Amino acid sequence: MQKIKISIAHGSVGFSPYPVMVGHYQGDTITSVEKYLNRCLNERLGLKSKLGLYPGPLESVEIFLNTESNAKPAGGIIVGLGQAGTLTPVDLIKTVCHAALRYATTLLEQDGASTTHGSKSFVPVSLTSVLIGSGPSGISVKESVKSILQGLSQARLILDDKGYSQSVSFIAFEFMELWEDRAILAARALEELRIDPDFQECFDFGSINIRCSPGRRTRVVFKEETNWWRRLRILGKSEGTLGFSLLTDRARTEVSLIPAQRALVDQFIKKAISHTGNEINLGKTLFELLIPNYLKDLASKRENLVLLLNQNAARYPWEMLQDSRSTDKRPLAVEVGVLRQLETPVFRDNVFSTLANTALVIGDPKSPLPDLPSAQEEAQLVRGALLLNGYDVVFKQCASSLEIIESLYSRNYRFLHLTGHGVYRQKSMGVDDVVSGMVIGDGLFLTPSEVEQMRTVPDLVFINCCHLGYIEGNEDKNFDYGSLAANLATQFIRIGVRAVVAAGWAVDDSAAKTFAETFYKELLTGASFGAAVLKARLRTYEQHPGVNTWGAYQCYGDPGYSPVQDASQELEVKRPSGFHMISEAQAEIHNLLNDAATASSDETKNLIADLKKCESEIPSGWLNSGKLRAEFGSAYGELGILSEAITHYKAAMLTEDSDISFRSVEQMANLQSRWAVHLWREAHTTTNDDDELRARDDFLVEIDEAIKLLEILCSINLTSERLSLLGSAYKRKAIISLGDERVKYIVKMRDMFRKSYELKKEKKDDDDFYPLINWITAEIVLSWHNSAQGTKLSAELLSHLHKSEEMANERELNNPSFWSAITAVEFSLVLHLSDRSLSDHVDEIIRGYTAAYLRRSTPRQFNSVLEHLEFFYETSPLYEDDLKSSMSDRENVGIILRELRKACA
């Protein structure tokens, strides 16, 4: 069998040549790499997650292939890793093997194969994988690399053993890592494996040189992803101990509570939840009594926290805890996200939910108990919020038990909101045992039995009934609240509800309305469940400081759950303000620059804001560093803020240390000429003719300064890049100029780009197609100004074009980037302009440009594309009768420009 070719890349998975394999922990949110893939794949990962069909358990797999031909990435392969903190190398081998086989058979089926080995042709399989399982809750980078390759090897052997190796087999596999330091660790792991005979038999490791791809990041110190939720497992034991497992640090500890301590803790818990008053010292005392010392420092890190609790541990009011040494003077649960997940062996195998925006709101059911005006007000408030966001709401206020039960089963609901009287361990009519539930009549209750009968499970259940949040341990028969009793909150979790909010004790009426109003407002406008809970707790804490209602709500579920299809609001963990070394600042700026390569328009705005914040935090003395100034110039330039970029570049050249590269000087000159055109366009639309002429002269002088700088650099060392930049500067002069002057600059543009291309050919560095495209562009536009010349390209240029087109397609296949996607489109554009056939290919060109844009680009990169099209449009002759064809081409280019701007908007 052919060996599998192994490679490694440093960059964003958005530029992977193959489908990307990514791991997902059970109960985790879609974030980081998965979030990016979800965006690239039309939110299909999010849809599967909402339907409860997303991988999580070990060996579960879901394959998402990109439906757009030649799109990058080609797809996503999500593999389940089980519970966070439990993954072993053996588990990963099995999971990867299963995923690889699933993907191979998927391709085989697409090729028309049958189960009797009837493939029409051999199907080669290529895959990309991140370093699965090597995050803070898993295994080492080295273990990840080794286990992934072992899983792939096992899949290959199974295909061979079953007689499928002549039909389908793995031929290429690439590791892709965002962070430079981890990419290097992975490369070192591959170096060790290449000398292992077991791996040599299956894999071709080649040179193990790391391929650099767009979107890559570097760092001075290690830091977690901002949307990561740290997992802390707390298990209550039958003998009265609490076991703590900090899953994300591979740490384990057991903490025993001796009988005297247990009795003391229970007294404090009873006091904390017996009234609605906010007693700060109680939270501090419980924190010191319940939390082991080595974990107390965790609170000061201010990290999002998911508590994995069994029933015995869920009885404790963890949300109330407060670190007495914290400088914030506020409980942890209002500073960062704190959610719960219930570990239970009892769960529903098949969970069915609805995507319809439907809700059932039950407020203060009719019963012999006193009316609850506050519960009625809360129900009306929630109903209003849901209606405002397009939900079909079934509203039952002061309704009878029959009406409520009928409503519960007659329709499928996405949301269920319950507010009213709740009972715990109370006698019910005709029932010997005590029950817990919501009071819906005289001796009648909505209990776990009714919940269990629901075939379609809501996504979200909100329960504001006194005591229904309690989940008690069964280890102490003499405990005040009795033995374990099933309740509504527990049962909803067990049947598969994705998010449950339940009041653990009596709440203050006014504070409860604030919590509910804030929670629904945030959740229904795009916030994740974790973010909505934190916002609701914080606002309740701030507006009602005298009560403990902010801590009464026990919130169970996936931190990233959102009912909004295009939800984008993640729970933000802020980067610590300020820098301690100049290298730290340089790394941060460089990462913001690289992040622009994969950012959406909204994310680009955030990057600009982050860059400005970064600049504001720089100590004034550091701005005397030419290298730091140049980093700012490069980042602002890539993000399209040209004036700021030029200011920083010029300042860099004037610093005392003169620590600035030739490339920075080149980019300053490039941005200066581009900025001149931008200012001219503004003046062109806002000034009269005389002022416009004066402005034109001023902007031409600006470009001349850039040309002089580039000519000095060329005199030091003539490079293809500098000749191309000179060509671009003359291209911009042509845009601003008129008549014969314009033609003169187009000639200079052509000459510079031709020399640049020829120099590349001479140095056998001809995989940059920018000079050739612009050389041909100049020839076409010159032909428009000289009708006798004709637009047909010379045989020489056509030969160069077709050869370069083949090379560009190969690069797009093996090392995709925004430019590799754009190159094919621009070759097509100039070819159709040259043979006067553009009108037949306008839609095709628009689709090509749009597909490249959707792959993501920096503002600078995409502005280059727009500028290229604008050059064609603005330099076409307007009035000569004998140039009708060029007018038609101009109109077609205008259509492409208009549609492209519309698509990007």
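## Close-up views of a predicted model

**View 1. Pro 448 in helix H13.** Pro 448 is found in helix H13, which covers residues 448-452. The structure shown here and in the views that follow is a predicted model. Pro 448 has a relative accessibility of 14%. This value is under 20%, so Pro 448 counts as buried. Ser 436 is 12 residues away from Pro 448 in sequence, and the two C-alpha atoms are 8.0 Å apart in space.

**View 2. The largest nonpolar core and Ile 896.** The largest nonpolar core of the model has 96 residues. Four of its members touch the most other members: Leu 829, Tyr 849, Phe 872 and Ile 896. Helix H23, residues 689-716, gives the most to this core, with 10 residues.

View 3. Ser 728 has its place in helix H24, which runs over residues 720-736. Is Ser 728 buried or exposed? Its relative accessible area is 3%, so Ser 728 is buried. With neighbours within four places in sequence left aside, Ser 728 is in contact with Phe 753 and Tyr 770. The side chains of Ser 728 and Tyr 770 also make a polar contact, at 2.9 Å.

**View 4. A nonpolar patch on the surface.** Phe 662, Ile 712 and Ile 716 form this patch, and together they have about 310 Å² of accessible area. Ile 712 has its place in helix H23. The relative accessibility of Ile 712 is 49%.

View 5. Ser 32 lies in helix H1, residues 32-40. The phi angle of Ser 32 is near 55°, a positive value in a residue other than glycine. Ser 32 counts as partly exposed, because its relative accessibility is 36%. Where does Asn 42 lie? Asn 42 is in the loop between H1 and helix H2, and H2 spans 44-50. Phi of Asn 42 is near 60°, which is also a positive value in a residue other than glycine. At 53% relative accessibility, Asn 42 is over the 50% limit and therefore counts as exposed.

**View 6. Leu 53 in a loop.** Leu 53 lies in the loop that runs between H2 and strand S3, and S3 covers 61-65. The relative accessible area of Leu 53 is 46%, so this residue is partly exposed. Leaving aside neighbours within four places in sequence, Leu 53 is in contact with Lys 48 and Glu 62. How many residues apart along the chain are Leu 53 and Phe 352? They are 299 residues apart, and their C-alpha atoms are separated by 9.8 Å.

Terms used. Residues numbered from 1 in each chain as written. Predicted model: local features only at pLDDT ≥ 70, side-chain atom pairs only at ≥ 80, totals over all residues. Heavy atoms only, no water. Core = buried A, V, L, I, M, F, W, Y, C linked by side-chain atoms within 4.5 Å. Buried < 20%, exposed > 50% of the residue type's maximum accessible area, 1.4 Å probe, protein only. Helix = DSSP H or I, 4+ residues; strand = E, 2+ residues; numbered from the N terminus. Polar contact = N/O pair within 3.5 Å; in protein donor to acceptor, adjacent residues only side chain to side chain. Contact = heavy atoms within 4.5 Å. Patch = residues over 30% accessible without salt bridge, like charges linked within 9 Å, V, L, I, M, F, W, Y side chains within 5 Å. Areas by Shrake-Rupley, 256 points an atom, 1.4 Å probe, with all protein chains shown as cover. Salt bridge = Lys/Arg side-chain N within 4 Å of Asp/Glu carboxyl O.
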